[in-house]
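Reader: I have a model open and want to learn how to read it. Can we take it feature by feature?

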Amino acid sequence: MTVRKTKIKKPREMTVRFNPIRGVNDKLSPEAGGYAYAQIMENFDVSDGTLVPADGFDLLDEYVVPEGKMPRKCYLYKKYKTDGTPDHRLIVYFDDKYLYTCPFAGGTLTKISGVTFDSDPLGVLYKYNNQNVMIFAKSGGGLCIYNGSTVTNVPNAPEITSMCIHFERLFVTTAGAENALWFSDDFDPANWNVSLSEAGFIEMNDPAGELLKVVSFGDYLYVFRTYGITRISAYSDQRQFSATNLFLSSGKIFADSVMVCGDCIIFVATDGMYRFDGVSTQKISDAFYDRIDPDYPYCKGQYYNGYAYVRVKVGYNAAAAAEIIKLNPKTLEVTFLNGSMLSDFLTVDCDGKYKLYGATARFNQLCVLNQKDKLLYGAKLKMVWENGESDFGVPVQKTLKKLSFYSKADATAILFADGVKHTYKVKGSDKPVVLKPNLKGVRFKLRFEAREVTTRIASPELQLEYYL
């Protein structure tokens, strides 16, 4: 009789480390080795390789808004009295078609009489007749000049769709003349008489399309058009004005997304988000643009404290909501801020304050970005980080023996094994959290949820076994 010995196979072991934890990257997260990247991330900041609360917002209770009215748009009016002392104002447009104003330090917003608007007006600060004034454009044509006490109407101005100041002229894009960049007389935004010594316009009849927005950047004007960018050289003598096309896009550009961000301009088009340095253009959104609604018409941008804040529409599964993307123009890292419901936002640098103000439809109130307390209108942020489902390069059944990570505050870890959800609530500690789920599956996914202001989740690690 022959006795045969059976050799018992030992399982192979695999360790998967998420150190550092990465931000959103739709291209890499489902791929082998891309599991440290998120497919879904809201209100978490990962700039230091750990999960911590992102920015929140506070209500600005120092401003008393008209009861029952919704703030639509904010403006900063830097004004000085005759003796040189500051008399700065905050101006807000409400849904009753009126502008309201109060001292920048706070107070009751009171109506500016003498002018109404049919839609959110464009506004720009200008020095006119030796005093700072606010210029507001009216839909249908014309503009008004507000000096802090009275309003002067200028009915002969074109219907303005965007405007900026460049070498003491007001440059504007217009409705009804989509291929012409208009400019006022120098030092006089009320003079639109076309002549070689006063006002005029530059026609652009080429495939780049309608003129959407004009911005002053460096020594040039840049006109963002439906499908491209045109650079304008425009100094004091209008006879020497010239135009050069720099960029043609396959996607339509959103006018309100265009923002100067230090040494570059960031803008959004239907085919992606771009960084423009005045000469060349780089698409910077491949990692996260699949999460954004490419046809969202209310996309808007604002530059603050080294970051571009962009209102976009973000979709997860079947749901979609307007959110703010916080983008670092240098590293291209993004953070998704959810829940603010901003109808407008504005960078203010005034009276020693450097803040990002906003108007929130959630409370019909003014608000300010909160980078310290990490609260959203006084409530704790709902934070989510979820990576893409992965087999970690081994397409056989595996057993997830252990999940370990550090969590400074209470949090929830969720594991998906072949789509089946398993939830684990953990207590905050200085020691590592160790879970032994013993889950079987081919593909796994990890999700963290948290709400505490002291949240810090670091160094997740999965230990798995499998047979070949």
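Author: Begin with a loop. E168 lies in the loop between β16 (160-166) and β17 (169-174). The model is predicted, so treat each value as computed from it.

Reader: What is the phi of E168?

Author: The general idea comes first. Most residues other than glycine have a negative phi, and most peptide bonds are trans. E168 is not a glycine, yet its phi is positive, about 70°.

Reader: Is E168 buried or partly exposed?

Author: Partly exposed, because its relative accessible area is 37%, between the 20% and 50% cut-offs.

Reader: Where does D351 lie, and what is its phi?

Author: D351 lies in the loop between β32 (342-350) and β33. Its phi is positive too, near 50°, and D351 is not a glycine. At 49% relative accessibility, D351 counts as partly exposed.

Reader: Which peptide bond is cis?

Author: The one from N19 to P20 is cis, with omega near 10°. P20 sits in the loop between β1 (12-17) and β2 (38-42).

Reader: Now the whole chain. How many helices and strands are there?

Author: Zero helices and 44 strands. The C-alpha trace spans about 115 × 50 × 35 Å along its principal axes. Of the 468 residues, 53% are buried. Contacts say how the chain folds back on itself. Among those between residues at least 6 apart in sequence, 55% join residues at least 24 apart.

Reader: Which strands are joined to β43 by bridges?

Author: Strand β37 (residues 383-387) is one of them: four bridges join it to β43, and the two run antiparallel. W385 has F448 of β43 as its bridge partner. Strand β39 (residues 411-417) is joined to β43 by seven bridges, also antiparallel. There, I414 is partnered with R447.

Reader: Which residues does F18 touch?

Author: Leave out residues up to four places away in sequence. F18 then touches Y35, A36, W385, N387, L446, S459, P460 and L462.

Reader: On to rings. How many aromatic pairs are there?

Author: The count comes to 30. Take F224 and F276. Their ring centres are 6.2 Å apart and their planes stand at 90°, so the pair is edge-to-face. The pair links distant parts of the chain: F224 is in strand β21 (residues 220-225), F276 is in strand β26 (residues 272-276), and they are 52 residues apart. Both F224 and F276 are buried.

Reader: What is the geometry of F363 and Y377?

Author: Edge-to-face as well, with 5.1 Å centre to centre and 75° between the planes. F363 is in the loop between β33 (353-360) and β34 (365-370). Y377 is in the loop between β35 (375-376) and β36 (379-380). F363 is partly exposed, because its relative accessibility is 40%. Y377 is buried, because its relative accessible area is 13%.

Reader: Which residues do ring pairs link into a cluster?

Author: F217, Y220, Y222, F224, F247, F267, Y274 and F276.

Reader: Which lysines lie over a ring face?

Author: K138 lies over the face of F117, at 5.9 Å from the ring centre. K445 lies over the face of F416, at 4.8 Å.

Reader: Last, cysteines. How many disulfides does the structure hold?

Author: A disulfide is a covalent bond between the sulfur atoms of two cysteines. This structure holds zero. For C261, the nearest cysteine sulfur is that of C264, 5.2 Å away. C261 is buried, with a relative accessible area of 2%.

Notes. Residues numbered from 1 in each chain as written. Predicted model: local features only at pLDDT ≥ 70, side-chain atom pairs only at ≥ 80, totals over all residues. Heavy atoms only, no water. Phe/Tyr/Trp six-rings, centres within 6.5 Å; stacked < 30°, edge-to-face > 60°. Buried < 20%, exposed > 50% of the residue type's maximum accessible area, 1.4 Å probe, protein only. Lys NZ or Arg CZ within 6 Å of the ring centre and 35° of its normal. Disulfide = S-S within 2.5 Å. Contact = heavy atoms within 4.5 Å. Pairing = 2+ DSSP bridges.
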